[in-house]
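The following paragraphs lead the reader through selected elements of the structure shown here. Please keep the sequence and the coordinates in view while reading.

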Amino acid sequence: MDPAEVEFLAEKEMVKIIPNFSLDKIYLIGGDLGPFNPGLPVEVPVWLALNLKQRQKCRIVPPEWMDTDKLEEIREQERKLDTFTPIPSPYYMELAKLLLNHSADNIPKADEIRTLVKDIWDTRVAKLRLSADSFISQQEAHAQLDNLTLMEINTTRSFLLDSLNYMYKLRSNLQPGRSQDY
Amino acid sequence: MPCERKPMRYGHSEGHTDVCFDDKGKCIVTCGSDGDVRIWESLDDDDPKSINVGEKVYSVALKNGKLVTAVSNNTVQIHTFPEGDPDGILTRFTTNANHVTFNSSGSRVAAGSSDFIVKIVEVVDSSQQKTLRGHDAPVLSVALDTSDEFLASSSCDGSVTVWSIESQTQVAQWKILQKSSDVSNAKSLCRLAWQPHSGKLLAVPVDLTVQLYDRNTWTHVSTLCDDLITQVVNVVVWSPCGKFLAAGTVGGNLLIWDVEAKLCIERQKHEKGFTVCGMAWHPSGGRIAYTDTEGCLGLLEGVSSSSPPSSSTVQSTKATAAKEKNDYDDLFDEDDDRMLDEGMSDSRSPVKKPIMEEDDDDDDLMPATGKPRNRGSFLDDDDNSQDPGSVKLDGVPEEDGSSAILPAVGPAVSRPVYEGPMPTQPQRAFQAGSTPVHLMHRFMVWNSVGIVRGYNDDQDNAIDVEFHDTAIHHAMHLTNTLGHTMADLSQEAVLLACEGTDELASKIQCLHFSCWDTHKDWIVDLPKGEDVCALCLGQGWAAVATSALMVRLFSIGGVQKEIFSLPGAVVCMAGHGEQLLIMYHRGTGFDGDQALGVQLLQLGSKRRQVIHGEPLPLSRKSYLAWMGFTAEGTPCCIDSEGVVRMLNRTVGNTWTPVCNTRDSCKSKSDHYWVVGVHENPQQLRCIPCKGSRFPPTLPRPAVAVLPFNLPYCQTTTEKGQMEEQYWRSMLFHNHYSFLSSSGYEIDSEGQSQAEKEQQELLMKMFALSCKLEREFRCVELAEMMTHSVVTLAIRYASRSRLFKDKEMDVIKQGMGRFRTLSAEERLNWTERAKGDSDPKKRKREDEGQAIMERSKQKQMNQNENEADSAINGKFDGRVKIPGWSAGGAAGTPSTAPSSSVMESWREERTRSLEDNEMSLPSIAAAYTTILRGLGEDPQRQGLLKTPWRAATAMQFFTKGYQEKIIELCLCVTVSREVRVNPFKVSGAGKPSSSSAGQPRTTSVLDSMTMSSRKPTPLGGTSKQGKAPVLKPLAPKPKSKTQATLLQMSASKGNSKKLVDSQTEAEKVKAAPAATPPASVENIENRKPKTGFQLWLEDNRKSILADNPDFEEMDVIKQGMGRFRTLSAEERLNWTERAKGDSDPKKRKREDEGQVNDQMESDEGSAKKKKPLDTSAKLSAFAFNKE
């Protein structure tokens, strides 16, 4: 899976918007949306929210966790603990990116939030690399990592698997008697 | 301690603060390092008026409506008070001034600055300045003596200097302070104070003491100190009488000395021990306000009354008396700005203070009950020992917490005081959905159309108009040159208005953006002296209420229309469509209540007043917070207690509480600020406000939706919930009838949905009552239902009864048992009987039904006992009917709908079917005549069946004349099936009818007979020789239900059984032959056509032989006559023949009926096992049938 696909999945997350148009319920395969009343918050998937936002048809209400205080708390927690802390949204990175890129004007303290999310991301990915490193160096057979988000798994999956494959190959080459194939 | 320390409250941001009272002592004025001056109505004032005067304020002084502040931009500024408008700069220094003070008359201001200079400036003419130079360090504090002769100043150079103002020279100097380099390093602020009135003494805080110097000799007179003081004294202030001196220390101690006695009479500690940096004594002397370096404001209450009796009894009572007077002044001082406004909090109302306990935000009931109780006990205890004066005293001064002392201290002092209910200050006019006018950034209106924001700060005085729906109009930005304070917004226009000033008249400006010409706005000036108080927009009109108690109507284009007077000052107005809602002061409210009146006017074509100034119900001690219309046009109002009330047009324009927003609030200081009410869907749109009554403009508040909740009893129970839901649904769908009556198009789908919802709820309640065996309640509920649902209810009731009381279906006990049942149960049984297919019993059932009808009628008369006896009587009479007591009245319950009920009432009350059938030919003949008269040939192929059809239709149309509502109620099932349009050609019947042209005169009767599952064999009788077109019945609800509820396989699996049951049915059919003629007639009723037609076919020839010249109609007439002369036996034979004639197709249908029967009974047994308690499920099933 590449990041674009993960982002695609993230776009199914619901977010509140305040439309500035009026529309009855719309019936989609994924479920009914609306009705849209001007000025009244309504929950829609992110993809629709962004679409409407780009057409200036709505204001996006940032999700509850997209708040400097809460993110700061998470960042501190993340830095303090060795394990991964639970994240308020399984798509926090994607949502933050999408919403901040497209509707930064509707999000108070957008820049701070961007920094905070990036900090959290960096911390977590660093942890992930660290654990992968120790996993390999200690030659463990299995490891358990909780509270990882899809995007995080994706960043490391291909690299980790490939490198493990190569290591396996290298190791098996080292062993005598197995090298006759080459 | 008699002196009460009130809890501190947050006033300014952290840093140096100062405090003073205004001249009358009505407001506390504070300043802080946040650059704001705040004017507090009281300590509990939730919304102090804020005036921004600069970046930082060091000192504040207030006298004669002039607010003087020392600001960080090195100036001393004047602002008007209480408006807060800048009134110029008094003087400038090279650095900031540290302390400003007025002289006693308020004509001069002295200021001491960090640039070592003290200046004295005339307030009226700031060019007249006197500069005092001589200090070698920043000046800490200045004080002007009462005679304007001397000025005392303290400085960081450690000296306290007295200057002669006139000569600008030093008179005396004491090096008594600690030296420091700057104000920030100084240990003490060293605020000096001259004794008021005499001005004899100058108080100087020196280290841990306060030293007093004599004005004449400039010698040290005395030192005031106390053990409690552990840190440096910061501030000293004299009481207005000059007898007491209060001091605040760095350590947070507050002390009051009696100067003459050098006695410390009061010791208080700051609740957190912060440094006291500002103190002010209330002009009446009763309280001291103080501020600390953390920006908090505190208050000491009841200060002087606590002084020792020897020196201060007179003083204290005088002080309280003065204060008392003051409060009453407040009360009636309408010109003052302290009218109630939108942001008013409960505790700010000056009226409440005398009436309620200090913690009045807590429990409104407390003071009401507490006060009489106190007085009562007082009278009981001291009835004889106390003179009336002291009794009166008791009720009076509750406001300063000294009531407990006063009677004891001075029983001799008696004052005439009114102690009845206190008038409430009338609330000020406001615009619904606006935030207080004095805010710099405020919402001028927020409604369902959009938002109008007003900005009034240093850079900008502007108005922003934003629409929720950008399709209406794009956002607008206007410069607010006229200073508009009121606004309303509709789909067509923005209406703005400002109050008049001395020079300019009050103006109304309308931006009519939907206007199609180029002039999109208009402005109207009101007559001089008349101010706009409230305004609103409707559809095509605008209304403005003015201070002249007048309402002016304008067209949206600016044409002046009607004007009329209001009986009182307007509070708020709202418009919707053609409706105008006005709330005004109907009179004076008492004890915190407002007395508001409502007028609802219908403008437009049919002008009338709908509500004629009736009182508006509000919660106790509350005021109107919002009013307007729902999106659907129902008036709605919300009071400050958060109760939402909606006009109930069906109950004579009463107001029904539909929601309490305070129930949804998490904390006591949270509120919901309502922006709109919608009835469909039921939404209360509002903005949650944490810790305030209204939201700030930034960050942009988000709208939340609250559900409505009628305050019904026991809403925790299922019954209560459903009742609440039902009545809420009723109330919230009233607007349909209103809208349709006023000519609007309504969403009929929504309406029918609403009705369905209501009926569903009724059904659920019915089911619940059934479960609880509350039969009377069941009947009450049934009375609220519509006809169709009543039948469902009856069916449900019968079924549930059946399953529940299984033993009851053993009707071996027979009549005796039956007689003891309640009417409802009998109804149930009879209804069950209705479903019974056994023809043998039908007759009896019919009778039972007839009885039932009567009983039901009686029940409707609300006279149950009487009815019961009457019914019993009837039953007794009926029991004698042969065969009745043999009664398998309820054998196997089969619920296929039958027409038994119908027949019975027809037989008794209306034109009988036989009559119908008999008269049919003659009517048809008449139609033939008419056709012939019109020049048509009745024998023409296309017209052959027309007379019959028309005749049937005529009978159908007129058949209701004899019917009664009650009967209809009982017979809805039947009549529903019967009342099919006779002209309607059903799908199945179409081909044959069109090809053959068989007279379809029988459709009504067909459906009747069909419903009893006796197919009518018409075939072969008529000339066309084709099978008659039988109208396939509307799907039988009951059988359908069975199919859904029960295993469908039952019918399939039982296909073999069918044969048996069919033969059984045959037998059953044969049975009536043996019954007396009456029952034969009955059967004939059901299938009269067949017998007669068969007979007619056979006998046509003979009739024609007798009368060769007879036309078809005549033949029939003749035949009818002859048929009547036949004996019952013969007729029966014909009927039987007709029956035997039925074609296989119909037979099949009969079989199906039989299957239904089978399933029915199967279901019966299946049902028995099923638990019945899920009422919701059952009612759902009931509705599935629909």
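Helix α6 of chain B, residues 718-732, comprises 15 residues and reaches 21 Å from its first C-alpha to its last, close to the 21 Å expected at 1.5 Å a residue. That expected span is 1.5 Å times one less than the number of residues in the helix. Helices (H or I, at least four residues) and strands (E, at least two) are DSSP runs, numbered from the N terminus. The model is a predicted one, in which local features need pLDDT of at least 70 and side-chain atom pairs count only at pLDDT 80 or more, while totals for chains, interfaces and linings use all residues. Residues are numbered from 1 along each chain as its sequence is written, chains are lettered from A and ligands numbered from 1 in the order in which they are written, and side-chain values use heavy atoms, with hydrogens and water left out.

In α6(B), the buried residues are G720(B), M722(B), E724(B), Y726(B), R728(B), S729(B), L731(B) and F732(B). Buried means under 20% relative accessible area, exposed over 50%, and partly exposed in between (1.4 Å probe, protein chains only). These buried residues pack against strands β48 (643-648), β49 (654-660) and β50 (671-678) and against helices α7 (734-741), α8 (748-771) and α9 (775-784), of chain B; a contact requires heavy atoms within 4.5 Å.

Strand β9(B), residues 75-80, is mostly covered, six of its six residues being buried. T75(B), Q77(B) and H79(B) point one way from this strand, V76(B), I78(B) and T80(B) point the other way, and all are buried. Strand β8(B), residues 66-71, runs antiparallel to β9(B) and is joined to β9(B) by five bridges; two strands pair if DSSP finds at least two bridges between them. V68(B) stands opposite I78(B) in this pairing. The β8(B)-β9(B) hairpin has three residues between the strands, and N74(B) takes a positive phi near 70 degrees there. β9(B) also pairs in the antiparallel sense with β10(B), residues 86-92, over four bridges, and R92(B) is the bridge partner of T75(B). In the hairpin of β9(B) and β10(B), with five residues between the strands, G84(B) has a positive phi near 85 degrees.

An open sheet of chain B contains four strands in the order β19-β20-β21-β22, with antiparallel pairing. Strands β19 (193-194) and β22 (220-224) of chain B stand at the edges with a single partner strand each, so one side of each is left without a neighbour in the sheet. β20(B), residues 201-206, and β21(B), residues 209-214, run antiparallel and are joined by six bridges, with L201(B) opposite D214(B).

In chain A, helix α1(A), residues 3-10, has V6(A), E7(A) and A10(A) as its buried residues. They cover an arc of only 100 degrees around the axis, which puts them on the same side of α1(A); the arc is that of the directions from the helix axis to the C-beta atoms. The face turned away from this buried side carries the exposed residues A4(A) and F8(A). The buried residues of α1(A) pack against α2 (46-54), α4 (92-102) and α6 (150-174) of chain A.

As for confidence, the model scores ipTM 0.81 and pTM 0.49. The mean pLDDT of chain B is 72, and 64% of its residues reach 70 or more; pLDDT is the predictor's confidence in each residue, from 0 to 100.
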